[in-house]
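Please look through the structure shown below.

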Amino acid sequence: MSILNEIVTKRKIQVAEQKELYPTKLLERSIYFNSQPLSLKKYILRPDLSGIIAEFKRKSPSMGIINEYAKPDDVCLRYMQAGASALSVLTESMFFGGSAMDLTIARKFNFCPILRKDFIVDEYQIIEAKSIGADAILLIAEILSKKQLSNFASLAKSLGMQVLFEIHERQSISKLPADAEIIGINSRNLKTFNVSVDHMELLVQLTPKHVVKIAESGIDSPETLLTLKTMGFQGFLIGERFMREPNPGKACEKFISKVKELSSSKTSSGLHD
């Protein structure tokens, strides 16, 4: 069994248990359920921000423990202050060390969009995402059918949330709904968890021109981000690069500052050519 299959199998078991403990009627009583979510797409495209979706996660199957004792309130607030366009919070517990509470805590201290990063396999998780304060959800094309992607996206939209559709392989593009607005291209192979930026360059050329394109995984330097920008990416989901530092927020601030410096230098150079 691949890591992905194992995660999905165990996630389905967890969701079934959650349904019994916290039925949807209870989730709908949340103070966040009737609130108006922020637009992830709008914030990614804001020219005064970095386009970076800064991610909070404690561990991963590929890296193991990354930052076990990090606190979502401190890290996520500093991400926003550093100039991140949006936040991503891992809520899967067994493999990533996250929880729904991590996202709710981040919500209390931030006023930028928050993406619920998880392995969504049931409509229940979408309702739960709204109840914990998420503005957007992640739908992974490789673990869902075309019908599920469409139905799940429709439910999220009816709740005011946006969807980041994540693809890893070219054949998944045809599974996405025609009205998809944000597509994330993950450079990480879901079976081996190896990363390839060249793979992202291939896939971005095959996606519809009108969608907002997010690069995921493998962004280890400001230089890599700028290279991805020339390929057509407008957003950049970065987690491990920041979380492996003692102060993730400070690392994010330095990263964004360097991106601005390099961009400014490149623009100045172009003007003098």
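Two strands pair if DSSP finds at least two bridges between them. Helices (H or I, at least four residues) and strands (E, at least two) are DSSP runs, numbered from the N terminus. By these rules, strand E8 (residues 182–186) and strand E9 pair in the parallel sense over five bridges. This is a predicted model, in which local features need pLDDT of at least 70 and side-chain atom pairs count only at pLDDT 80 or more, while totals for chains, interfaces and linings use all residues. Residues are numbered from 1 along each chain as its sequence is written, and side-chain values use heavy atoms, leaving out hydrogens and water.

Is E9 buried or exposed? Five of the five residues of E9 (residues 212–216) are buried, so the strand is largely enclosed by the rest of the structure. Buried here means under 20% relative accessible area, exposed means over 50%, and partly exposed lies in between (1.4 Å probe, protein chains only). Both faces of E9 are covered, with Val212, Ile214 and Glu216 buried on one side and Lys213 and Ala215 buried on the other.

These strands belong to a barrel that eight strands close, in the order E1-E4-E5-E6-E7-E8-E9-E10, with parallel pairing. From one strand to the next, the twist averages 25°. Angles run from 0 to 180 degrees between N-to-C directions, and axes are lines fitted to C-alpha atoms, for helices over the stretch in contact. Helix H5 (residues 100–108) packs on the sheet and touches strands E1 (52–56), E4 (86–90) and E5 (114–117); the direction of H5 makes about 175° with that of E5. Contact means heavy atoms within 4.5 Å.

The axes of H8 (residues 197–204) and H9 (residues 222–231) come within 10 Å and cross at roughly 20°. H8 and H9 are therefore roughly parallel to each other, a term that covers angles under 35 degrees. Their contact is made by Val197, Met200, Glu201 and Val204 of H8 and by Thr224, Leu228 and Met231 of H9.

Now to the charged residues. Side chains of opposite charge can pair when their charged atoms come close. A salt bridge is a side-chain nitrogen of Lys or Arg within 4 Å of a carboxyl oxygen of Asp or Glu, and the whole structure holds 17 of them. One joins Arg58 to Asp102, with the closest N and O atoms 2.6 Å apart. This pair links distant parts of the chain, 44 residues apart: Arg58 is in the loop between E1 and strand E2 (59–60), and Asp102 is in helix H5. Arg58 is buried at 16% relative accessible area, and Asp102 is buried at 5%.

Another salt bridge joins Arg116 and Glu128, whose closest N and O atoms are 3.0 Å apart. Arg116 lies in strand E5 and Glu128 in helix H6 (residues 123–131), so the pair ties together parts that are 12 residues apart in sequence. Arg116 is buried, with a relative accessible area of 1%, and Glu128 is buried at 9%.

Terms used
Parallel < 35°, antiparallel > 145°, perpendicular 65-115°, else oblique.
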